[in-house]
Amino acid sequence: MTNIKAKKVLIVGGGIGGLTAAIALRQVGIDVDLVELKAEWSVYGVGIIQQGNVVREMARLGIADQCLSHGYSFDKVRICNAQGNELTIIPGKRLAGDAFPANMALPRIDLHNILLEKATRLGAHIELGVTVESFEQKPDGVSVCLTTGRISEYDLLIGADGIYSKIRAMLLGDQFKPVFTGQGGWRCNMPRFPEIDCLTVYRGERGGQAGFCPLKDNLMYMLQTTAEPGNPWFDANELHTLFKQRLAEFEGPIARARDEFVTDPAQVIYKPFETIFMEQWHAGRVLLIGDAVHATTPHLGQGAGMAIEDAVVIAEELQAYPVEKALERFMVRRFERCKFIVETSLQIGTWEMDRSLPADFDGAVRRMLEVTAQPI
Ligand SMILES: Cc1cc2nc3c(=O)[nH]c(=O)nc-3n(C[C@H](O)[C@H](O)[C@H](O)COP(=O)(O)OP(=O)(O)OC[C@H]3O[C@@H](n4cnc5c(N)ncnc54)[C@H](O)[C@@H]3O)c2cc1C
């Protein structure tokens, strides 16, 4: 074990976790190279919900104001039945102080642009269309050969390359694969209804829940989780029809949105839910963060939040301790928290698919709020 602190880190993957790590590491004075496989930025998905714990870290990173100005703030989650009648309100926690809301949501593309602009401004060196060809662990660092042919030495390599992480396979073997959970998620953007002033969830009886999440004053998305036995493939031209069929049991605002706005298959996004939780997150001078080691289903809206927290924590630890010690401390701070999110999200999905089980959906959300309110 050396007593030298990290000076130079390579991040693999320019998603939410990788770009946030670039910001957090630059803010503590560590040199950052980031390589992203895609030759051009393209951001998949609709919107991203950031709950109190994530708003807290965004504020510390100095990007909460920008996120707020591109998104929509709210302090509660409304739970309704399939007929659209309110059942309960779950209040959020203003963890970043009164100046910031308990929750916010914004389009993924806006979050990406904010993260990329900040990482670039802080001096992270970002290359597109590049990845790691191979790496060699050394006693005091890691030697990395990139697909450009360049070979560079780093104190740490951070794999933030998502659920199908190549760095995970190179480090720990390719026997670890994400698993389909039996459900999928449907999303569609549309104009915000005036009454949808917070994340609003409608509890269905047929294998999933529907809901709305406001993204801007004039924009929201409708979402649904559904049981999809056998992980079927869907024709892209049929997505609007399939989404409508799955929403058939709902009345009230969901029915209105379904009938008025789910009309264009190109506007509907379907994603099978896959998950992976790794027992080991690092070896030598390589660390995996985000979906590469703890990809969760979106039932608690915390997947990106956990990637963001990982990024903040590893920067704090690398600033304070030599690399090996920092990695040990990182695991203590991150493992159980991320495991809780993955397991509780899976539990909610299981309850949705088997309505004969005794379920406590609201209790799971309240417990998540308690756990994530704890300092990271
Ligand atoms: C339907 C759905 C809704 C969700 N909603 C929410 C939500 O509301 N709130 C929330 O907190 N979370 C949500 N999540 C989870 C969230 O999207 C993920 O947890 C988050 O994106 C993980 O970030 P990441 O940086 O670890 O991985 P990713 O976002 O997957 O980023 C990985 C990056 O690495 C790049 N890459 C891949 N392979 C390589 C390689 N070999 N070399 C270099 N680069 C590579 C990719 O191109 C990508 O840019 C949702 C997920 C789903 C499926």
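Okay, let's start at the ligand: 29 residues surround it, and the closest are Gly-17, Glu-36, Arg-108, Thr-131 and Asp-291. Before I go on, keep in mind that this is a predicted model.

So what kind of residues make up that shell? By class, you get 12 polar, nine nonpolar and eight charged residues around the ligand. As for where they come from, four elements each supply at least two residues of the shell: helix H1, which is 16-27, strand E2 at 31-36, strand E3 at 47-50, and helix H9 at 303-320.

Now some distances. Asp-291 puts a polar side-chain atom 2.8 Å from an oxygen atom of the ligand. A polar backbone atom of Gly-305 sits 3.1 Å from a ligand oxygen, and for Gly-303 the distance from a polar backbone atom to a ligand oxygen is 3.4 Å. How much of the ligand does the protein cover? On its own the ligand has 1,000 Å² of accessible area, and the protein covers 85% of that.

Three strands make an open, antiparallel sheet here, and the order is E3-E7-E4. E3 and strand E4, residues 72-74, are the edges; each has a single partner strand, so one side of each has no neighbour in the sheet. Going from one strand to the next, the twist averages 20°.

If you want to look at the pairing itself, E3 and strand E7, residues 103-107, run antiparallel and are joined by four bridges. One to click on is Gly-47, whose bridge partner in E7 is Pro-107. Helix H4, residues 108-121, packs on this sheet and touches E3 and E7, with its direction at about 95° to that of E7. And Arg-108, from the list of closest residues to the ligand, falls within the range of H4.

Next, the seven-stranded sheet. Which order do the strands take? Reading across, it goes E6-E5-E14-E15-E16-E13-E17, and the sheet is open with mixed pairing. Strand E6, 86-91, and strand E17, 268-277, are the edge strands, each pairing on one side only. On average, neighbouring strands here are turned by 25° against each other, ignoring direction.

Inside that sheet, E14, residues 199-203, pairs with E15, residues 209-216, in the antiparallel sense over four bridges. Thr-200 has Phe-212 of E15 as its bridge partner.

Two helices to point out on this sheet. Helix H7, residues 252-261, packs on it, touching E13, E14, E15 and E16, and its direction makes about 70° with that of E15. Helix H11, residues 361-373, packs on the sheet too, touching E5, E6, E14 and E15; its direction makes about 10° with that of E6.

Last stop, the E6 end. E5 and E6 pair antiparallel over five bridges, and Lys-76 has Pro-91 in E6 as its bridge partner. The two strands form a hairpin with four residues between them, and Gly-84 in that hairpin takes a positive phi near 95°.

That's my tour, thanks.

Definitions and conventions. Residues numbered from 1 in each chain as written. Predicted model: local features only at pLDDT ≥ 70, side-chain atom pairs only at ≥ 80, totals over all residues. Heavy atoms only, no water. Near = heavy atom within 4 Å. Polar contact = N/O pair within 3.5 Å; in protein donor to acceptor, adjacent residues only side chain to side chain. Areas by Shrake-Rupley, 256 points an atom, 1.4 Å probe, with all protein chains shown as cover. Nonpolar A, V, L, I, M, F, W, Y, C, P; charged D, E, K, R; others polar. Pairing = 2+ DSSP bridges. Axes fitted to C-alpha atoms, helices over the stretch in contact; angles between N-to-C directions. Contact = heavy atoms within 4.5 Å.
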